[in-house]
Amino acid sequence: MKIHTRQNRTGGLITLCMILTLTLFTPLSKAQAESSGQETSFSEAELAQMLAPIALYPDSLLTHILIASTYPLEIVQAKRLQSKNKLLPTEQLMEKAEDEEWDPSVTALLAFPTVLDKLSEDLEWTQDLGDAFLQDEERMLASIQTLRHQADKADSLAEMENMSVSRVDNQIIIEPIQKEIVYVPYYDPRVVYGHWAWYNYPPVYWAPYPYYVRPPYGHFYWNSGVHISFNYYFSAFHWNKRHVVVVHHNNARHYRHHGRIVTSHGAQRWHHKPAHRRGVAYRSPAVKHRYKSHRPSTLYSKQVRQADRHAIKHASTSNKLHSKSIHTTRSTSVNNLSHYNKQIAKQREQKFANQMHHKRNMQVSDRSVNKHKVSNHQDRTQTQQRLKQASSKPSHYNRAQTRSSQKPTHKAHNSSQQNKPSHYNQVQTKASHKPTQMRSSGPSNAKTHHQKNANHKSNSQRSNSRSHTKQRD
């Protein structure tokens, strides 16, 4: 058991040492790769993909495009100058461009606004084209010839009516019919080349150029040609040797046709000028060291950027996990506090509800007691009122006695019954008969009642006589 544990420990230490050495010496491996000249070159499919929209251009224009693509910043500057001076003629525009000290191929593209637009709009494609041309010029020219042969097999080159297509030593050369007028064709690379061999790398497709017209037959669109009145023919392809040839073009602003530039006097192979690069980084380390550039290559900078992005993503994920853990702990603590606060709030609400319920019960009980008191008081007052009324009214027996005592008087005085007392007098008589008087003897009450009736009759007769005398008067 001890032996196995020791072996496991030594194996773990070895793996840790390997990881540390890989992490420490990866920058050195990148630097060694740059110094040794190792680079990732473009494949045949990638070259065909980027060259598809321009491979069927005339040779003179195509050489200017390849040379100018190695100076992408000057292309952008030329496009700005051309957009500011759209109404100027080509000769005056070229004179302005001479003051900018650009490469002659960049100034030559000012006469072709459609081409300059595509180069300045799709800068990534332009920079890849220039880097591939600087990296391996021979492979670039060989890829152009393969595309032209592919279009020739598809019978597309027979439709180029404004261009002359010649074949010399199994090399297809495309030139303008008239040297003073250059036509720029537009075509769909997905159709012109027939069957595309690289399915995973489809050709670069551009939208149709403005003001271009297609004839009733063929796949090519054409516009009015560009009249050459400036120094344009100073570069050409040496197809047999697979490189670009240029002639001396200084102090020559006007049109000058050199015939065959490749065999002309003073022709030499084109060389890249890093001064016109204007600080733009090269793609491969080998090209960087070839032109003694101190800026890091774009490939290395891409790797560094990818490593930085990976580190940032790793840091962001770790931060997210850490923040999630903190958030979960905070949320749990907050949830605990909220649960505790909710319990306290519920207890307070329950206590308050109990107090309110107790107060309501007390109020209801007080109201019931008060109602009972009021009802008892009302009953007492009603009983008292009834007793008072009962005491004030004569009894049934006394009424009978009074009626019996009053009968002979009414019989004796039948004549006086016609003059009965008024209601007011009856009320007075009833009020005068108190319970004490009702208990007294019947004859005395009858006499007093008779005397009062007689007096009342005499008073009524007197009042009537007075009223009759007043009427007479």
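Tutor: Start with a cut-off. A residue is buried under 20% relative accessible area and exposed over 50%; in between, the residue is partly exposed. Keep in mind that this model is predicted.

Student: Why is Arg139 called partly exposed?

Tutor: Its relative accessible area is 23%.

Student: What makes Arg139 and Glu44 a salt bridge?

Tutor: Their closest N and O atoms are 3.4 Å apart. A salt bridge needs a side-chain nitrogen of Lys or Arg within 4 Å of a carboxyl oxygen of Asp or Glu, so the pair passes. This matters for the chain layout too: Glu44 lies in helix 2 and Arg139 in helix 9, so the bridge ties together parts 95 residues apart in sequence. As for Glu44, its 40% relative accessibility makes it partly exposed.

Student: How many salt bridges does the structure hold?

Tutor: Nine. Another one joins Arg269 and Glu137, again with closest N and O atoms 3.4 Å apart. This pair links distant parts of the chain, with Arg269 in strand 9 and Glu137 in helix 9, 132 residues apart.

Student: What makes Asp188 and Arg190 a salt bridge?

Tutor: The N to O distance is 3.1 Å. The limit is 4 Å, so the pair counts. Arg190 is partly exposed, at 49%; the exposed class needs over 50%.

Student: How do you know how helix 7 is oriented to helix 8?

Tutor: Their axes come within 5 Å and cross at roughly 95 degrees. That makes helix 7 roughly perpendicular to helix 8, because angles of 65 to 115 degrees get that label.

Student: Which residues make the contact?

Tutor: Helix 7 gives Lys118, Leu119, Ser120 and Glu121, and helix 8 gives Leu123, Trp125 and Thr126. Three of these contact residues are nonpolar, two polar and two charged.

Student: What makes Phe112 stand out in the largest nonpolar core?

Tutor: That core has 78 residues, and Tyr57 and Phe112 touch the most other members. Helix 3 supplies the largest share of the core, six residues. Leaving aside neighbours within four places in sequence, Phe112 is in contact with Leu61, Val182, Val184, Val226, Ile228 and Tyr232.

Conventions
Residues are numbered from 1 along each chain as its sequence is written. This is a predicted model: local features need pLDDT of at least 70, side-chain atom pairs count only at pLDDT 80 or more; totals for chains, interfaces and linings use all residues. Side-chain values use heavy atoms; hydrogens and water are left out. Helices (H or I, at least four residues) and strands (E, at least two) are DSSP runs, numbered from the N terminus. Buried means under 20% relative accessible area, exposed over 50%, partly exposed in between (1.4 Å probe, protein chains only). Axes are lines fitted to C-alpha atoms, for helices over the stretch in contact, and angles run from 0 to 180 degrees between N-to-C directions. Angles under 35 degrees count as roughly parallel, over 145 as roughly antiparallel, 65 to 115 as roughly perpendicular and the rest as oblique. Contact means heavy atoms within 4.5 Å. Ala, Val, Leu, Ile, Met, Phe, Trp, Tyr, Cys and Pro count as nonpolar, Asp, Glu, Lys and Arg as charged, and the others, Gly among them, as polar. A nonpolar core is a set of buried Ala, Val, Leu, Ile, Met, Phe, Trp, Tyr and Cys residues joined through side-chain atoms within 4.5 Å.
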